[in-house]
There are 2 protein chains.
Amino acid sequence: MARNAHPEATRRRILEAAQRLFAERGYANTTIQDILDELGDLSKGAIYHHFSNKEAILEALTEDDWNAHWKMANEMLDRTDITGLEKLRELIRASTTDDAHLATNRESAQFLEDPTTLAHNLEWWQTTIAEWIERIIRQGVEDGSITTEYPHEAAVLFSLLLNYWVGDAPSADQVEPRLRCVATMLAALGLPVLDEEMIRLTIHGVGEINRPRFEQHG
Amino acid sequence: MARNAHPEATRRRILEAAQRLFAERGYANTTIQDILDELGDLSKGAIYHHFSNKEAILEALTEDDWNAHWKMANEMLDRTDITGLEKLRELIRASTTDDAHLATNRESAQFLEDPTTLAHNLEWWQTTIAEWIERIIRQGVEDGSITTEYPHEAAVLFSLLLNYWVGDAPSADQVEPRLRCVATMLAALGLPVLDEEMIRLTIHGVGEINRPRFEQHG
């Protein structure tokens, strides 16, 4: 069965085609047939061999994206050439400038309207993500770049406020004032991580992720 | 039909008996039969004439509580004898010391584990509640007791952080550090509302509302 000699390569091709189409026309406007047409040489059966439906494709994209980010984050944890504060800024740089990451988040962000997905994400931002940030903050406290008395709380707030309150802002014009508030508040806690560059990058990243919603709402 | 001559009085008696039992043994451990036994002279039919089930009783208690609070809040808006900042503190005082309010919230807080209820509350805290707080903050900016450049954002953060992040803290020992962070952060935004008295009162209120959950989790 020559066609299935490289199942991992086929899976990868399906994901890449789907990501291209999702980015171009949005998840809702893309069908499995569109993905087949984009690939040209694959049967419907071959797609369904890898993914049971369109949602499973988006889930795989989200998981691959998260694994890549998680790998980058863990390598960052081991670096000794930059401070803890700079590591957090590197994380923001990576999250707000990587086009594939922004495209994947643009599609998955739409599911935050579903209460179960929102509750799951709120939990994830305040535990898994915040735990990683707390480790970096503790490195920053050690190296003197961060001075907070509340490394745990600052980590949860950093993650919750940026991912939920800023990231899920109701309209584009609310992103910058929210970010400036978070910058001031985190600095007051001893975590002066959001400088002008970070604010600018985050406005860009949040705008890219929420483009369909922001355009729709005005 | 003498029994139904005062339907509003009967409704009120049912709610008061239910509230007493919910406070004593918890919502989950109270049955409609317990409420009947507590009242002594009412038929099952008479209860079901007013409330289709136990949930409807809790909903009515929550709504009555909210109406009373909303009335108090709107009267506060019209007061001219205290500053905007003091009005926010009066609101915290009322919310954290009124035993009936705390008991009602203790029962309804348990439903925040349900994603749909959580999503509904998140929306409500950031719109209806925050809009009222924003009006008070703008009064405070006018009278000089509050200096924030971000009245809208400060209002949403005040409501979201206190109601959700502090109010829904995972364990009792996380309430005070979270509150101290919120106090520092809001002060940095020009809203120095959480002084030591407010912190003490809020620790009490959050502890009362979450008593079943906090005891269960250690």
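Which residue does the side chain of Arg11(A) meet in a salt bridge?

Analyst: That partner is Asp64(A), with 3.8 Å from N to O; a salt bridge here is a side-chain nitrogen of Lys or Arg within 4 Å of a carboxyl oxygen of Asp or Glu. Before going on, note that this is a predicted model, where local features need pLDDT of at least 70, side-chain atom pairs count only at pLDDT 80 or more, and totals for chains, interfaces and linings use all residues. Residues are numbered from 1 along each chain as its sequence is written, chains are lettered from A, and side-chain values use heavy atoms, with hydrogens and water left out.

Now the bigger picture. Chain A splits into domain 1 (1–52) and domain 2 (55–216), with bounds from an automatic or database domain assignment. Their C-alpha centres lie 30 Å apart. At the interface, 14 residues of domain 1 of chain A are in contact (heavy atoms within 4.5 Å) with 13 residues of domain 2 of chain A. Together the two domains bury about 1,100 Å², with 66% of that on carbon and sulfur atoms; buried area is the accessible area (1.4 Å probe) that two parts lose on being put together, summed over both. On the domain 1 side, Gln19(A), Phe22(A) and Tyr27(A) lose the most area to domain 2, together 51% of what that side buries.

As for salt bridges, the rule finds two across this interface. The elements giving two or more residues to the domain 1 side are α1 (7–25) and α2 (32–39) of chain A, helices being DSSP runs (H or I, at least four residues) numbered from the N terminus. Of these, α1(A) gives the most, with eight residues.
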